[in-house]
Amino acid sequence: MTSNASYQKQPKAWGSRPTPIVVQAVKLLSGGKERHFSALDIGAGQGRDSLYLAKQGFQVTALDKLAAGLSQIKASDERIETVAADMAQYEFEQKFDLIIAINVLHFLKKSEIESSIGKIKQATARGGLVVVSVLLDNHKLETQELKGYFEDFEIVLYREFVKDDAAHIGAQYPHTHQIAQLIARKRGTVDKTSPTC
Ligand SMILES: C[S@@+](CC[C@H](N)C(=O)[O-])C[C@H]1O[C@@H](n2cnc3c(N)ncnc32)[C@H](O)[C@@H]1O
């Protein structure tokens, strides 16, 4: 089970490289040009994606319920804004050009997953992207279900696959996960002449 103690003991529990689908989304959003985008990393953990996004010039907010990981993120890059909160209870006050939720939604109750996806969609700026990676192992989300929540967005990428995983926090032995991943774009054009909040 992930905890503040486990994060203190293992500083790079989820690795140090950004999630490939996040790298892909950055390329889609920026089209190779450097622009000043905002990003929200929900369930940021120890910040492998937040740190990558900040290096790409994004103004990053990292949200997680565990303070230990957020402190590690802040220590690595003080430009990143950190928010210690339960995402199921959190009300987003601004809009973001990019919202990522990497391997976190399956920790919520089914009703919380649905309401959180609603809040994520609401907090996405026009033309902005949502990136979700979620485990289907516990059947809180079934196959193809994630995609259905984004019918009013443009689905840029949707895939489901089985991934071999090494032992990590909360899993003593090598194992496999069934994963759904999505990149969806909110309809409209990114307007960088006015602030997104
Ligand atoms: C498997 S880790 C993934 C971390 C990071 N996204 C990554 O891929 O490196 C899941 C993270 O979600 C966080 N988390 C779980 N439930 C949460 C909730 N209700 N609100 C905020 N964060 C949560 C955990 O504390 C943990 O840091």
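Helices here are DSSP runs of at least four residues, numbered from the N terminus. The structure in every view is a predicted model.

**View 1**
Helix 2 spans residues 20-30, and its buried residues are Val 22, Ala 25, Val 26 and Leu 29. Seen down the axis of helix 2, these buried residues fall within an arc of 105 degrees, so they line one face of the helix. Look to the other side of helix 2 for Pro 20 and Lys 27, which are exposed. Several elements cover the buried residues, including helix 3, strand 4 (96-102), strand 5 (124-135) and strand 7 (175-185). Just after helix 2 comes Gly 31, with a positive phi of about 55 degrees.

**View 2. Helix 4 has a buried side and an exposed side.**
Helix 4 covers residues 67-76, and Gly 69, Leu 70 and Ile 73 are buried there. These three cover an arc of only 100 degrees around the axis, which puts them on the same side of helix 4. Ala 67 and Ala 75 sit on the other side and are exposed. What covers the buried residues of helix 4? The cover includes helix 1 (4-9), helix 3 (48-55), strand 2 (59-64) and strand 3 (81-84).

**View 3. Strand 4 is enclosed and pairs with two strands.**
Seven of the seven residues of strand 4 are buried, so this strand is largely enclosed by the rest of the structure. Strand 1 (residues 38-42) pairs with strand 4 in the parallel sense, over four bridges.

**View 4. Strand 7 pairs with strand 5 and strand 6.**
Strand 5 and strand 7 are antiparallel and share seven bridges. Val 130 stands opposite Ala 184 in strand 7. Strand 6 (residues 154-165) pairs with strand 7 as well, in the antiparallel sense, over 11 bridges. For an example, find Asp 164, whose bridge partner in strand 7 is Thr 176. As a rule, side chains in a regular strand alternate between the two faces of the sheet.

**View 5. The largest nonpolar core holds 46 residues.**
Which residues have the most contacts inside this core? They are Ala 39, Leu 98, Ile 99, Ile 100 and Ala 101. Now pick out Ile 99. Leaving aside residues up to four places away in sequence, Ile 99 touches Leu 40, Ile 42, Ile 120, Ala 123, Thr 124 and Val 130.

**View 6. The ligand is surrounded by 19 residues.**
The closest are Trp 14, Gly 43, Gly 45, Met 87 and Phe 107. How many residues of this shell are nonpolar, polar and charged? Nine are nonpolar, six are polar and four are charged.

**View 7. Two residues in one loop have a positive phi.**
Most residues other than glycine have a negative phi. His 139 is not a glycine, yet its phi is positive, at about 60 degrees. His 139 is found in the loop between strand 5 and helix 6 (145-148). Is His 139 buried or exposed? With 11 C-beta neighbours inside 10 Å, His 139 counts as exposed. Gln 144 lies in the loop between strand 5 and helix 6 too. Gln 144 is not a glycine either, and its positive phi is about 70 degrees. Gln 144 is exposed, because 11 other C-beta atoms lie within 10 Å, and a residue with 12 or fewer counts as exposed.

**View 8. Lys 55 and Arg 159 are exposed residues.**
Lys 55 has its place in helix 3. Lys 55 has 12 other C-beta atoms within 10 Å, so it is exposed. Now find Asp 77, 22 residues from Lys 55 along the chain. The C-alpha atoms of Lys 55 and Asp 77 are separated by 9.1 Å. Arg 159 belongs to strand 6. Arg 159 also has 12 other C-beta atoms within 10 Å, and it is exposed. Thr 143 is 16 residues from Arg 159 in sequence. In space, Arg 159 and Thr 143 are 9.9 Å apart, C-alpha to C-alpha.

Note on methods:
Residues are numbered from 1 along each chain as its sequence is written. This is a predicted model: local features need pLDDT of at least 70, side-chain atom pairs count only at pLDDT 80 or more; totals for chains, interfaces and linings use all residues. A residue is near a molecule or strand if its C-beta atom, placed from the backbone, lies within 6 Å of it. Ala, Val, Leu, Ile, Met, Phe, Trp, Tyr, Cys and Pro count as nonpolar, Asp, Glu, Lys and Arg as charged, and the others, Gly among them, as polar. A nonpolar core is a set of buried Ala, Val, Leu, Ile, Met, Phe, Trp, Tyr and Cys residues joined through C-beta atoms within 7 Å. A residue is buried if 20 or more other C-beta atoms lie within 10 Å of its own, exposed if 12 or fewer, and partly exposed in between; C-beta atoms are placed from the backbone. Two residues are in contact if their C-beta atoms, placed from the backbone, lie within 7 Å. The arc is that of the directions from the helix axis to the C-beta atoms. Two strands pair if DSSP finds at least two bridges between them.
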